[in-house]
Amino acid sequence: MTTTQTSVVQDLGTLAHRLSHPAGARCVCEPPQVLADRPDGTVVRSGAIVAKAHAADTDHEALAARITLAAAPQLTGILLPPLTAPGQSLTAPDPSGGPRHPEPSEPPAPAPRPVTLWPLGAPVDPTDPGAAPWAEAAVLLARLHRTEPPFRLPAMRGPAKAARAVARMRAALPGDPAVLPVLAGWRALPAWARGEVPAPARRAGFLCHGDLHLGQLVRHPAPDGPWLLIDVDDAGTGDPAWDLGRPAAWYASGLLAPEDWFAFLDAYRSAGGPAVPADADPWPELDVPARALTVQTAALALAKCAVEQRHPDEHEQLMIESCARIATLPPELAADHAS
């Protein structure tokens, strides 16, 4: 962990601790716990408070809209609401509470990262795959997709994240033939799924999460409250099929058991989800998002393997091989999915 990363983690822990600890009370708190530390976000918990520092290049206006969305009454029971209004920035406070002023010899400080604050929820237990809440996730998605956007929102960032994953892979493995199957799968996608043009108009106006996987669900209040969706960094308007794309890709690649996939799909349809027809073949709508998220997953896997200087594991290899397969198959594009 770099000095800058360490400072961000410490600052988030300090902020979360101050908010979770009653003023004047004797402190018996455990040390802050790092829940995630990635380039796109650092998340630290203290007590019942979670503080998140978003990426330094975050669009502040778009983030503010997304945090406001999470607090909107229309999304109660679907999205975990924030604890504070957006707009706060991390400024590296010292332990006494005042801002830290750099010495004259120090290099300029990096740009402040926007910080948001959230209540603690209980995540999905990764050690108990049989209890994974696929049906619950599907119902939340269906409710989200059926909700009319309460105000103007930025576009859902799913395709942009897929493009960023491919760029990261290319940078990590320049000229390496291992990337060729992934690039072939990427080139086979329509331009909207690569983030190069807007999604088709008929499919672009739905409220979407943008990055659905089981890590985006928590029970709140912890530990037994209802499931809610978290992490609205990629939320916005777009094609709701994108939110079904990752489980669809895992099912098509053999990583998600058929019974889990059908439980997810049936629950989504039963809850009136608009991404797929209620009683017809879902794949004409799911095909492109599933392919795009297969490519994204494979690209991130190869980039990670390059950094860690290792070969892909069994699951990563399945996704890479899926890219080679999908590049040779004609896409099942509905007319309004074409680029």
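## Helix α6 against helix α9

In this predicted model, Ala249, Trp250, Ala252 and Ser253 of helix α6 meet Leu318, Met319, Ser322 and Arg325 of helix α9, where contact means heavy atoms within 4.5 Å. Those residues divide into five nonpolar, two polar and one charged. In this classification Ala, Val, Leu, Ile, Met, Phe, Trp, Tyr, Cys and Pro count as nonpolar, Asp, Glu, Lys and Arg as charged, and the others, Gly among them, as polar. Helix α6 covers residues 241-253, and its axis and that of α9 come within 10 Å and cross at roughly 90°. The two helices are therefore roughly perpendicular to each other. Angles of 65 to 115 degrees count as roughly perpendicular, those under 35 as roughly parallel, those over 145 as roughly antiparallel, and the rest as oblique. Axes are lines fitted to C-alpha atoms, for helices over the stretch in contact, and angles run from 0 to 180 degrees between N-to-C directions. Helices (H or I, at least four residues) and strands (E, at least two) are DSSP runs, numbered from the N terminus.

Serine 322 lies in helix α9. Its relative accessibility is 2%, so serine 322 counts as buried; buried means under 20% relative accessible area, exposed over 50%, and partly exposed in between, with a 1.4 Å probe and protein chains only. The side chains of serine 322 and serine 253 make a polar contact at 2.9 Å. A polar contact is a pair of N or O atoms within 3.5 Å; within protein, one must be able to donate a hydrogen and the other to accept it, and residues adjacent in sequence count only if both atoms are side-chain atoms. Leaving out residues up to four places away in sequence, serine 322 touches Ser253 and Thr294.

## Helix α8 against helix α9

Helix α8 (residues 283-308) packs against helix α9 (residues 314-326) at an angle of about 130°, with the axes 8 Å apart. The pair is therefore oblique. The crossing of α8 past α9 is left-handed, a term for a near helix turned anticlockwise from the far one by less than a right angle, with clockwise giving right-handed. On the α8 side the contact includes Arg291, Thr294, Val295 and Thr297, and on the α9 side it includes Glu316, Met319, Ile320 and Ser322. By class, the residues of this contact are nine nonpolar, three polar and two charged.

Threonine 297 belongs to helix α8. With a relative accessible area of 23%, threonine 297 is partly exposed. Glutamine 309 is in the loop between α8 and α9. Glutamine 309 has 75% relative accessibility and so counts as exposed.

## Helix α4 against helix α8

Helix α4 (residues 158-172) packs with α8 at an angle of about 35°, and the axes are 8 Å apart. The crossing of α4 past α8 is left-handed. Among the residues that make the contact are Gly158, Lys161, Ala162 and Ala165 of α4 and Ala292, Val295, Gln296 and Ala299 of α8. The contact of α4 with α8 has 12 nonpolar, two polar and two charged residues.

## Backbone features in the loops

Most residues other than glycine have a negative phi, and most peptide bonds are trans. The peptide bond from histidine 220 to proline 221 is cis, with omega near 0°. Alanine 222 and proline 223 are also joined by a cis peptide bond, with omega about 5°. Proline 221 is placed in the loop between β7 (217-219) and β8 (227-229), and proline 223 is found in the loop between β7 and β8.

Aspartate 231 has a positive phi, near 65°, and is not a glycine. Aspartate 231 sits in the loop between β8 and β9 (236-238). Glutamine 309, also not a glycine, has a positive phi of about 55°.

Alanine 122 is in strand β5 (residues 122-123). Its relative accessible area is 16%, so alanine 122 is buried. Apart from neighbours within four places in sequence, alanine 122 is in contact with Leu217, Val218, Arg219, Ala222, Pro223 and Trp227. The C-alpha atoms of alanine 122 and proline 221 are separated by 7.8 Å, and the residues are 99 apart along the chain.

## Basis of the values

Residues are numbered from 1 along each chain as its sequence is written, and side-chain values use heavy atoms, with hydrogens and water left out. As the model is predicted, local features need pLDDT of at least 70 and side-chain atom pairs count only at pLDDT 80 or more, while totals for chains, interfaces and linings use all residues.
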